[in-house]
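User: I'd like to learn how to read a few features in a model like this one. Can we start with charged pairs and then move on to how domains meet?

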Amino acid sequence: MSETTSTEKQKKPLLNGRRALPSNNSNAEENEVPEVEVFGLTPRGFNPKDYLHVVDIHLFKEPYEINKQQHHTDKYYSPKLIVRRGQPFQIQIDFNRPYKPGTDQFWLEYLIGRYPQQNKGTYIPVQVGDELKPGEWGAKIIHKENNSIRLSVMSSATCIIGKFRLYVAISSPFGIFRTRRNAETDTYILFNPWCQQDAVFLDDEREREEYILNDVGVIFHGDVNDIKLRSWSYGQFEENILDACLFLMDKAELELSGRGNPIKICRVASAVINSRDNDGVIAGSWDNSYTYGVAPSVWTGSVDILLEYYSSRQPVRYGQCWVFAGVFNTFLRCLGIPARVITNYSSAHDNNANLQLDFYLDEEGKVDTKTTKDSIWNYHCWNEAWMSRPDLPVGFGGWQVVDGTPQETSDGMYRCGPTSVQAIKHGHVCFQFDAPFVFAEVNSDIVYSRREKNGAQVIEKIDMTHVGKLIVTKEIGSDGMMDITEEYKFQEGSDEERLALETAVMYGVKKQITQDTVYHPQTDVDMDFQVQKAILGSDFKVTITFKNKSQNYYSATAYFSGNIVFYTGVTKSEFKNHTFNVTLEPSSSSTFDVVIKSSEYLGELLDQASFHFFVTARINETGKILAVQKATVLEIPMLHIKTQGEMVAGREMFAIVEFTNPLNQTLENVTLRLEGPGVLRTMKKDFRQIPANSTLTWEVKCTPKRPGLRKLIASLNCDALRHVYGELNVQIQKL
């Protein structure tokens, strides 16, 4: 007796004294539902089989059947029924005899989680009536034949997102009979951008095709002067990905009753995508060291990452901003929230969110790396999710910034958003969540200053246009680039831009130039430089131009600094410095070339072949300093993909990947990856060596599953060479 009691105590969930039931925050957990609920005493000889009972339930859940076709869920590789909320779907119930509407009474029950409650939306009894009300739970009979009836079932447009268990309950004079627990009738309910009452409703069909149904995208990277793009396989319809995405909400311990709200889902997901607080999906690494994991540049899509996390429950190593954004995009599209990946070129990481990136110069005009803490990322990727914002004033719904890359904490966790893009544009940074941080990412000024011997801080230059120079995303329906800078900010220098900035300052964004600073820039001499486009492994030059617009003779001492940098703008090492003197004739221009040899940079180079060049010059006659900085990236060789055999769904074909090593050195421990949603799951192959200037060929056999325009994506990775990609569009025919 005592043993039983102690076991029961162990099984009982912990209560904390504040609530009658424990938290209901796991979609995976279930409660036991009784098959028979008896009303009082049952008469002798009572046999439940004498009454109406269910023989079978048909959910029309095949991809070609009505439900998945009408709900745009036919692409999900899942044998279960997947529908979108606020839209009717059909089920058929076979009884043991013909259904009699006058005397027989039955209803449906949808349950989610371990502690279903009707007032929390986790226990939903659905009565059969004469008509369906838009956006509200209900069912009506649309066809009767022999022992079968067909129902049209409407779900609520605010319904919880997740996997529901379905029971059919039948009332008799002596009790309620239910169908047995049957995993085959589990029903997934998702957000519905096609439904006007849904918070994620999007009224443009082309946008829905792109931001919900497209499972391959393009992510832009590189530098504002040398934009590069790579394809990314989102794979939101692949096998087990929906379950993996639902698990993320369990991992974040989001109460089930809050899972119908896209704002709450985005907020918790931006924290669980990274591993900083709660062992979330991806561990970030920005130091070029990827021990016990793989370099972020290896990944070609989200599927491998999500499936590895779902099975191991451990953070997947490693990611950087585009990986966090790619996986977050998969999560959002999979659940039915319209989403896209955004790239912000020259993105400010402003440590104290004062709209000011401080670069400190020493007396000679060189950047003081010890005191300069702020950084400018060559680019930074985040996501936008589409939803209404009933928690904000009218007009601030639509695209919302959400960011899974761990940069700063928000409410004690590494997360960011959802932040209204419209609020950022107009400077309304008082609206939740994290608007001041996002505003600073696209609007900060760069301030170059120098401290004199008497302690006074002299501002040498303020650059108001460098940060947030270009904000882009993939075009709808093509792999082109769409410039969306004007969705985030008004034109530089316009009255509207100044008003937005003043509004942001009024709402508490710090912007000040300290009191003891003096700012008198040199306005009659301009300095700029251009970097020659170059292929990795070759020499190139940097051309510096001075323009004297005055009638004065000037002389200057110029300092050139070449740095190997992480794409986050953080310097790894200075690989070249060069000081030279300049004579500036009145009303004239002068140019100077600095040659960069491959031998100077190859041994130091990082992942993305990123350089950061600083040029500063002190005008000897006035003591004023000119300063310009630019990031640049080298051209990295491509992988080439071709196919062999007929490209027909269900038939065998070959994909061939080719790569020529452009370096004058042997590449060692090389890994190739190839994937293509609907064509083949990720394949990997290791090569011990690729000799200098030699070509490697890898042939992969595959059987496409889905017809239509598909994409093959390949990556190559080794210590000496990363961010090597290739892609190929393939048209798969029907059998």
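User: Which residue forms a salt bridge with Glu35?

Analyst: The general idea first: side chains of opposite charge can pair when their charged atoms come close. In this predicted model, Glu35 pairs with Arg180, and their closest N and O atoms are 3.3 Å apart. The two sit in distant parts of the chain, 145 residues apart. Glu35 is in the loop between α1 (2-11) and β1 (36-38), while Arg180 is in the loop between β10 (175-178) and β11 (187-190).

User: How many salt bridges does the structure hold?

Analyst: The count is 34.

User: OK, on to domains. Into which domains is the protein chain divided?

Analyst: Four of them: domain 1 (36-41 + 49-190), domain 2 (205-507), domain 3 (525-633) and domain 4 (640-732). Let's take domain 2 and domain 4, whose C-alpha centres lie 30 Å apart. On the domain 2 side 20 residues are in contact with 18 residues of domain 4.

User: What area is buried between domain 2 and domain 4?

Analyst: The size of an interface is often given as the accessible area lost when the parts come together. Here that comes to about 1,800 Å², with carbon and sulfur atoms giving 47% of it. Within domain 2, Ser297, Val298 and Thr300 lose the most area to domain 4, and together they make up 29% of what that side buries.

User: How many salt bridges cross the interface of domain 2 and domain 4?

Analyst: The rule finds four there. If you count polar contacts between domain 2 and domain 4, you get 14 residue pairs, both residues at pLDDT 80 or more.

User: Which elements give two or more residues to the side of domain 2 that touches domain 4?

Analyst: Those are β13 (226-233) and α6 (303-312). The largest share, four residues, comes from β13. Sort that side of domain 2 by class and you have nine nonpolar, five polar and six charged residues.

User: Last one: which residues does the UniProt annotation "binding site" cover?

Analyst: According to the unreviewed UniProt entry, Asn443, Asp445, Glu492 and Glu497. Although they span 55 residues in sequence, no two of their C-alpha atoms are more than 13.4 Å apart, so they gather at one spot. For orientation in the viewer, Asn443 is in helix α9 (residues 435-443).

Terms used. Residues are numbered from 1 along each chain as its sequence is written. This is a predicted model: local features need pLDDT of at least 70, side-chain atom pairs count only at pLDDT 80 or more; totals for chains, interfaces and linings use all residues. Side-chain values use heavy atoms; hydrogens and water are left out. Domain bounds come from an automatic or database domain assignment. Contact means heavy atoms within 4.5 Å. Buried area is the accessible area (1.4 Å probe) that two parts lose on being put together, summed over both. A salt bridge is a side-chain nitrogen of Lys or Arg within 4 Å of a carboxyl oxygen of Asp or Glu. A polar contact is a pair of N or O atoms within 3.5 Å; within protein, one must be able to donate a hydrogen and the other to accept it, and residues adjacent in sequence count only if both atoms are side-chain atoms. Ala, Val, Leu, Ile, Met, Phe, Trp, Tyr, Cys and Pro count as nonpolar, Asp, Glu, Lys and Arg as charged, and the others, Gly among them, as polar. UniProt positions are given in the numbering used here, feature names are shortened, and annotations may be inferred rather than shown by experiment.
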